[in-house]
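Come along and check each entry against the picture.

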Amino acid sequence: MHRYRSHTCGALRADAIGTEVRLSGWCHRIRDHGGVLFIDLRDHYGITQVVADPDSPAFKVAETLRSEWVVRIDGKVRRRPGGTENPELPTGEVEVYAREIEVLGPAAELPMPVFGEQEYPEDIRLKYRFLDLRRERLHRNIIKRGAIIDSIRWRMKEQGFFEFQTPILTASSPEGARDFLVPSRLHPGKFYALPQAPQQFKQLVMISGFDRYFQIAPCFRDEDARADRSPGEFYQLDLEMSFVTQEDVFAAVEPVIRGVFEEFAEGKPVTAKFPRIPYAEASIKYGTDKPDLRNPIVICDVSEEFNDPSVTFNAFKNLIKAGGIVRAIPAPGAAAQPRSWFDRLNDWARSDMGAAGLGYIVFNTIERETAAGGANTARLGAAGPIAKFVPDNVLRRMAEKAGLNSGDVLFFSAGTEPAAAKLAGAARTRIGEELNLIDKDRFEFCWIVDFPMYEWNEEEKKIDFSHNPFSMPNMAPDAFLALDPADRDSILALRAIQYDIVCNGVELSSGAIRNHRPDIMKKAFAIAGYDEAVLEQKFGGMLHALSLGAPPHGGIAPGIDRIVMLLCGEDNLREVVLFPMNQRAEDLMMGAPSEATSKQLRELHIRVVKPEQG
RNA sequence: GGGGGCGUAGCUCAGUUGGUUAGAGCGCUAGCCUGUCACGCUAGAGGUCGCGGGUUCGAGCCCCGUCGCUCCCGCCA
């Protein structure tokens, strides 16, 4: 018999009754009835009930066992007595009557029990991650993560992609985030950077003629964490294709993503064909470039309506005169909400969003009647602090624009375009949640397309790249090369061939058709105010490669951790990462980061200068 | 860098208007219990109320500061 086990703790069924078996695992739960003692023995595969009574030679040892001790148990499989079967367990028909117990690894008192569904503070969970990982939910998430990555791999390979491994120790890349630096021993004063993404490498793979690249790629960024943004490191499904248009990338990626989601969504519906929403449209309708399409609320612009001469609401009129806008957020059925609900939303807008407020009009009745002549008339009953400043005909226009029904409420977000859109987007999310309009049990995807190539940096009064500087501008090359850098309007109106995949309000990935022409690249950087020397110094190698026969190419890089997070139904990446860091980018279990020894620092030619206290 | 929330037993939490000796459940220790599967029953141990200062006759509770965790903004595909 094997030293540790003949079966796993999830293996035994009725057909094993009568056989001698050997199991090893953790004492999940022990129930001592004095005369008879039950041990739920747990391993990766499941739980099997072990029984010992005073007739068993193992009884004495069994009485000393405690939670989470690791033991080996020899015994005979027997059918549980009638009426004591446990239908909750796959092994619930049988039990093992213990003949011999060997303690393989005793456990001290646990800082955090493994058994049960109790929640624990993050720092304790992270410090004792190995205990947390024994628990069912995290254990299942990590296994699911592996299965998802397997599925992604075969789906990619099936589409003719090859997996490559790119360097971890490399040079700084142009993603725009802060780099993690690694000091060089051989080159005093010089540093490697960990890749923020294998962006340049995958483009070089295309220039090398490999045609279809992918990698489950570790990426490193020294930026502050969020619930959906791991500190330090994360994984991307990084992919790149040669001789492709945006359509080709969509056609390659969408089936992989949809397929993976359908495979692991446990029956929840997945968008059949991802709709494409231009960036500008998403900004108006959803107030964000990562809309949650499970939320049925659609924002509309009502600047024109509020600017109507018959409207006397000057707070908005003045804003519009100063170049601002007004967005309307419909809240279906919200007329039934108490006054305090509206006040709370208004308080939220003021305190959390730093807005002047969230005005609203309650549309109590909107009755459309077809008059004898065939013309539509409608009776309106509107209420709320703003209603009296807006005449009926304008109210009617707003109601129609926003698609309102009787009993709906229209909230208003006013201000500069970005601020008003952002508040409207946040209000849309909040109202959708409060009114319970969001069906959590589905995966709603979309592509966001037509991102602006540049944006105006108000602080520095200059034009910046708005996203990835390596994207191809969506303009005929000759026209682009002829652009006047001073023609700010044309430049800010320019789109890049760049796209995002969004699912349930989570940005899953972003990609682009790359700029593979050095002349266009130089022009693109010149528009953003980089002279050729800077470009040459920072991306000289890349430029050179592009000048020696580069195929048109493009790709995308969906975030693995976020995909797994969505499919596990979690709202924090830590629940799907094996050994995550805390929000301050510390590994509480391993004690990272830690100080280096003076010998290490000497070898690296590094002197540490700590920030002054206070 | 900024804002919000939280911090009381190993863990999850309660703690009234500032008032005697700070409680419960789980866990732990001991005892009892022969069919449980969140077993049950009895008893016990376990506390610098995050830390420091202040107000007060008296502070877990009020004030100031500080530290830690977390969520968000900034930042970041």
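Here are my entries, one topic at a time.

**Ground rules**

I am working with a predicted model, in which local features need pLDDT of at least 70 and side-chain atom pairs count only at pLDDT 80 or more, while totals for chains, interfaces and linings use all residues. Residues are numbered from 1 along each chain as its sequence is written, chains are lettered from A and ligands numbered from 1 in the order in which they are written, and side-chain values use heavy atoms, with hydrogens and water left out.

I note that helices (H or I, at least four residues) and strands (E, at least two) are DSSP runs, numbered from the N terminus.

**Entry: the barrel**

I looked up the order of the barrel strands. Five strands close into the barrel as S1-S2-S3-S5-S4, and their pairing is mixed. Neighbouring strands of this sheet are turned by 55 degrees against each other on average, direction ignored. For pairing, I use the rule that DSSP must find at least two bridges between two strands.

Next I followed strand S1 (residues 20-32) to its partners. S1 pairs with strand S4 (residues 70-79) in the antiparallel sense over seven bridges, and there Gly-25 has Val-71 as its bridge partner in S4. S1 also pairs with strand S2 (residues 37-43), again in the antiparallel sense, over six bridges; Trp-26 has Arg-42 of S2 as its bridge partner. The hairpin of S1 and S2 has four residues between the strands, and Gly-34 takes a positive phi near 80 degrees in it.

In which sense do strands S3 and S5 pair? I found that S3 (residues 46-52) and S5 (residues 94-105) pair in the parallel sense, over two bridges. Val-50 stands opposite Val-96 in S5.

**Entry: a strand inside**

Is strand S13 enclosed or open? I read that seven of the seven residues of S13 (residues 325-331) are buried (under 20% relative accessible area; exposed is over 50%, partly exposed in between, with a 1.4 Å probe and protein chains only). S13 is therefore largely enclosed by the rest of the structure.

A reminder to myself: in a regular strand the side chains alternate between the two faces of the sheet. In S13 both faces are covered, with Ile-325, Arg-327, Ile-329 and Ala-331 buried on one side and Val-326, Ala-328 and Pro-330 buried on the other.

S13 pairs with strand S12 (residues 300-301) in the antiparallel sense over two bridges, where Asp-301 stands opposite Arg-327. S13 also pairs with strand S16 (residues 408-415) in the antiparallel sense over seven bridges, and Ala-331 stands opposite Val-409 there.

**Entry: the open sheet**

I traced eight strands in an open sheet, in the order S6-S9-S10-S22-S21-S20-S17-S11, with mixed pairing. Strands S6 (162-163) and S11 (276-278) stand at the edges with a single partner strand each, so one side of each is left without a neighbour in the sheet. S21 (residues 506-513) and S22 (residues 553-556) pair in the antiparallel sense over three bridges, with Ala-512 opposite Gly-555 in S22.

Which strands does helix H17 touch? H17 packs on the sheet and is in contact (heavy atoms within 4.5 Å) with S9 (212-221), S10, S20 (498-503) and S21.

I stopped at Gly-232 in S10 (residues 232-242). Gly-232 is buried, with a relative accessible area of 4%. Leaving aside neighbours within four places in sequence, its contacts are Phe-180, Cys-219, Phe-220, Arg-221 and Met-581.

**Entry: helices on H17**

I looked up helix H6 (residues 246-264) beside H17 (residues 560-567). H6 and H17 pack at about 35 degrees, with their axes 10 Å apart (axes are lines fitted to C-alpha atoms, for helices over the stretch in contact; angles run from 0 to 180 degrees between N-to-C directions). Ile-257, Val-260, Phe-261 and Phe-264 of H6 meet Ile-563, Leu-566 and Leu-567 of H17.

Helix H4 (residues 136-158) packs against H17 at about 120 degrees, with their axes 10 Å apart. The contact includes Ile-148 and Ile-152 of H4 and Ile-560 and Val-564 of H17.
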